[in-house]
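Let's take a walk through a protein model together, one piece at a time. Have the sequence and the 3D view ready as you read.

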Amino acid sequence: MFPLRDVSMRVQGIQLQGHEEMAVKLLFWELEQHLKSSSGASVVAIDNKIEQAMDLVKSHLMYAVREEVEVLKEQIKTLIEQNSQLEQENTLLKKLASPEQMAQFQAKVQTGSPPAPQTDAPTGPPSAAGLIQPATHSSGPSA
């Protein structure tokens, strides 16, 4: 055997599909055949085949990366839209909540327990009747 440039193609995790897989297999088969019956001129041919194989792998990887980047960009766009909508809902709910509801919510957040849904809670601001409290003390001695 004659020396080749240090060609250690250790490609792990690459999944070639269809014609690319066949092309790489054919390339390596041809390389094997050239190594078995090589002359000085075939060394150059082998080097060219190696370059072609490396270019094929590189183009496949670049295509796969571009495809994945596009998918991730779409996911990021969707998440940004969802986040914006949730922030608007959160702001609206904070505006509509009574101070008592906000205090209860803050207390539950601080203790780490999830807030319980309120079933009979009024949906609007508290009425004036609910804010009036009866007097608990008297102004003088009773008879």
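Predicted model: local features only at pLDDT ≥ 70, side-chain atom pairs only at ≥ 80, totals over all residues.

The protein has 4 helices and 0 strands, and reading along the sequence gives the pattern α-α-α-α. Here helices (H or I, at least four residues) and strands (E, at least two) are DSSP runs, numbered from the N terminus. Residues are numbered from 1 along each chain as its sequence is written.

How far can you trust each part? The protein averages a pLDDT of 74, and 61% of the residues score at least 70. Confidence is highest in helix α2, at a mean of 92, and lowest in helix α4 (residues 128-131), at 41. Residues 1-12 have a pLDDT below 50, and this stretch has 14 contacts in the model beyond near neighbours in sequence; a contact means heavy atoms within 4.5 Å. Over residues 124-143 the pLDDT also stays under 50, and there the model has 1 contact beyond four places in sequence.

Now find helix α2, which covers residues 40-96. UniProt, in an unreviewed entry, places the feature "coiled-coil region" at residues 62-96. UniProt positions are given in the numbering used here, feature names are shortened, and annotations may be inferred rather than shown by experiment. In the model, the span of residues 62-96 is 100% helix and 0% strand, and its end C-alpha atoms lie 51 Å apart.

Where does the salt bridge sit? Glu 70 and Lys 73 both lie in helix α2, 3 residues apart, about one turn of the helix. An α-helix has 3.6 residues a turn, so residues three or four places apart point the same way. Glu 70 forms a salt bridge with Lys 73, and their closest N and O atoms are 4.0 Å apart. The term means a side-chain nitrogen of Lys or Arg within 4 Å of a carboxyl oxygen of Asp or Glu. A search of the whole structure finds 1 salt bridge.

Is Glu 70 buried, exposed or partly exposed? Buried means under 20% relative accessible area, exposed over 50%, and partly exposed in between (1.4 Å probe, protein chains only). Glu 70 counts as partly exposed because its relative accessibility is 47%. Gln 52 also lies in helix α2, and at 45% relative accessibility Gln 52 counts as partly exposed. The C-alpha atoms of Gln 52 and Ala 23 are separated by 9.9 Å, though the two residues are 29 apart along the chain.

Next comes helix α3 (residues 99-111), whose 13 residues should span 18 Å at 1.5 Å a residue, and the 18 Å between its end C-alpha atoms agrees. The expected span is 1.5 Å times one less than the number of residues. Met 102 is in helix α3 and touches Lys 94 and Ala 97, not counting residues up to four places away in sequence. Just after α3, Gly 112 takes a positive phi of about 90°.

Finally, step back to the whole protein: of its 143 residues, 10% count as buried.

Key:
Heavy atoms only, no water. pLDDT = per-residue confidence, 0-100.
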